[in-house]
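The following explanation is intended for a reader who meets this structure for the first time.

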Amino acid sequence: MRFHKLVGSTLAAALLLAGCGGGDAAGGGTGENALPGAAEFLSSACPEPAVKPAGGGQLVYWSMWTADEPQGKVLQRALKCFQDKTGVKVDVQWLGRKAYTQNLVPALNTSTVPDLFDQDVSKVGAAIMTPGGTQSLDDVFGMKIGEGDKTVKDVLSPTSYDFPQNKDREGHSFLVPYEIQSSAWWYDKAAGALGQPKTVDELVGLFDKAKADGKAAVSQDGDIPFYNMYYFTQLAERYVGAGGLAKAAQDPTGRAWTDVPGFREAAAQTARISKYFIDGWDAAKFPQIQQRWADGDARFLYVGTWAPSETREYLDKQGAGTKIDYGSFQFPMPPGATHDTVEQMSIGFAVPKKAKNADAAKAFIAYFLNKGNLAGIPAVADNLVPRPDLAVPDDLKPVKTVMDDQKKEHVLQYDGIDAIAGGKWQTDVFDPADTALLKGQLTPEAFVAQLAQKSATFWKNQH
């Protein structure tokens, strides 16, 4: 049976956006920066599915990836295997990161929706689940994956799916993860291995050392709002803990921003760091500044665990033989903070409420979590998976060690504030204040005051 692809190349190119192993990535598993075992995985035999929809049928999948990205290549192989093994005709559209807003959200009010889509849990929660556009996937966790009697629930780490932000109004899980992410400070160990800075003073000391060496300290792609969110949210979480940012964001009076001292202090520490951003950080177009880090113009980069994958692909395309020996460390604890936090974000599959072939969609979800399929995420895409028994890419082992530390307080990335009010609180209230803080246009005191005032106005207007 032919593997059906409904690919709009112009649309796919237009929608290829930042993050999640995206950016300008192309050609995973090839070239001088190819990962060991990538080519072998892509040509490996298909595992047998445990669940086969009766009578074959059809599966329509709208992907957050493009076909030439590493994750896209892993999914293409799994989808073809699924079609060959089950007789289900697979139609896939490789739409890119904005598929959920530019394609799926408008389609929710029509009869034309996919059977399956993927995105990170906060974006699904904000744009699709909140208006009632998803269905429960609780039954998927009990489905076998094709490894004896093992079920989806048996092989997934509970922290990857069992948290409040992955529950709909009735308390059902609406997303099943296949990739997990965190974030870190990245650097090239060829310039000297570094330990974990214990304080922000020590972190700033590393920045001063970079400048003394004739380098910019921090590469920052300032046109990506959620990249700009990292600094304040990471620091604030260490003062208020899991749920603290989300609680403040949803305070209808807005007073939490000025009443909780940790927010002003987090803003003060953020302002210290942003002074070290590379020249032009707020005027460039992604991924120009990240590429400047890969080219060695800056010493440090703070982004998600997709950093090695994206920058390796960029260097591969450059063809100059440049390689990076990736090192990473976490944000240090700011002064007076008491919450030793680590962030995690789950990317996974969801099924629209109106899906016509939900059984096929759920069968594929279970099939993709078979280690014979999911192993491609670390092998080809150099990213982390929610199965503790699969390989961890060497570049990501320091981050994974922190994520697995049970002494750490686990927090959903940005404490989930990017999903509040369908994402509008972030865009209307947080982003303008955050950008102004990073540019030095607002003092820390003015920053929290603006959050308080704008947040109160925002919630008043929601009624």
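**A guided reading of the predicted model**

Asp415 has a relative accessible area of 3% and is therefore buried. The model in which this residue is seen is a predicted one. Asp415 belongs to the loop that runs between strand S11 (409-412) and helix H18 (424-438). Its backbone also deserves attention, for Asp415 is not a glycine and yet has a positive phi of about 55°.

Asp382 may be read alongside it. This residue, likewise not a glycine, has a positive phi, near 60°. Its place is the loop between helix H16 (376-381) and helix H17 (397-403). Asp382 has a relative accessibility of 2%, and so it counts as buried. The peptide bond from Phe286 to Pro287 concerns omega instead: this bond is cis, with omega near 5°. Pro287 lies in the loop between helix H11 (261-274) and helix H12 (288-294).

From the loops, the reader may turn to the strands. Strands of a sheet pair through backbone hydrogen bonds, in either the parallel or the antiparallel sense. Trp186 has Ser328 in S9 as its bridge partner.

Helix H8 also contains Arg238. Is this residue buried or exposed? Arg238 has a relative accessible area of 2%, and for that reason it is buried. Apart from residues up to four places away in sequence, Arg238 touches Phe331, Pro332, Met333, Pro334, Ala337, Thr338, His339 and Thr341. Another residue, Met345, is 107 residues from Arg238 along the chain, and the C-alpha atoms of the two are separated by 17 Å.

The interior may be considered next. In soluble globular proteins, nonpolar side chains tend to be buried together. The largest nonpolar core here has 81 residues, and those with the most contacts inside it are Trp185, Phe232, Trp257 and Trp425. Helix H8 gives the most to this core, contributing 9 residues. For Trp257, contacts beyond its neighbours within four places in sequence include Phe232, Phe263, Trp425, Val448 and Leu451.

Helix H14 (residues 358-368) is largely enclosed by the rest of the structure, because 10 of its 11 residues are buried. Among the buried residues of H14 are Lys362, Phe364, Ile365 and Tyr367. Strand S2 (residues 58-63) is largely enclosed by the rest of the structure as well, because 5 of its 6 residues are buried. S2 pairs with S3 in the parallel sense over 6 bridges. In this pairing, Gln58 stands opposite Lys89 in S3.

The loop between strand S3 (89-94) and helix H4 (99-107) holds Leu95. Since its relative accessibility is 2%, Leu95 counts as buried. Leu95 and Gly241 are 146 residues apart along the chain, and 36 Å separates their C-alpha atoms.

The last topic is open space. Rolling a probe the size of a water molecule over the atoms shows where empty space is left. The second largest pocket holds about 360 Å³ of space. It is lined by 20 residues, of which Gly125, Met129, Thr130, Lys167 and Ala419 are the closest to its centre. Which helix provides the largest share of the lining of the second largest pocket? Helix H5 (residues 121-129) does, with 5 residues.

Notes:
Residues are numbered from 1 along each chain as its sequence is written. This is a predicted model: local features need pLDDT of at least 70, side-chain atom pairs count only at pLDDT 80 or more; totals for chains, interfaces and linings use all residues. Side-chain values use heavy atoms; hydrogens and water are left out. Two strands pair if DSSP finds at least two bridges between them. Helices (H or I, at least four residues) and strands (E, at least two) are DSSP runs, numbered from the N terminus. Buried means under 20% relative accessible area, exposed over 50%, partly exposed in between (1.4 Å probe, protein chains only). A nonpolar core is a set of buried Ala, Val, Leu, Ile, Met, Phe, Trp, Tyr and Cys residues joined through side-chain atoms within 4.5 Å. Contact means heavy atoms within 4.5 Å. On a 1 Å grid over the protein atoms alone, a cavity is a set of points where a 1.4 Å probe fits but cannot get out, and a pocket is an open set with protein on both sides within 12 Å along at least five of seven lines; lining residues have an atom within 4 Å of a point. Grid points are joined across faces, edges and corners, and a volume is the space filled by probe spheres set on the points.
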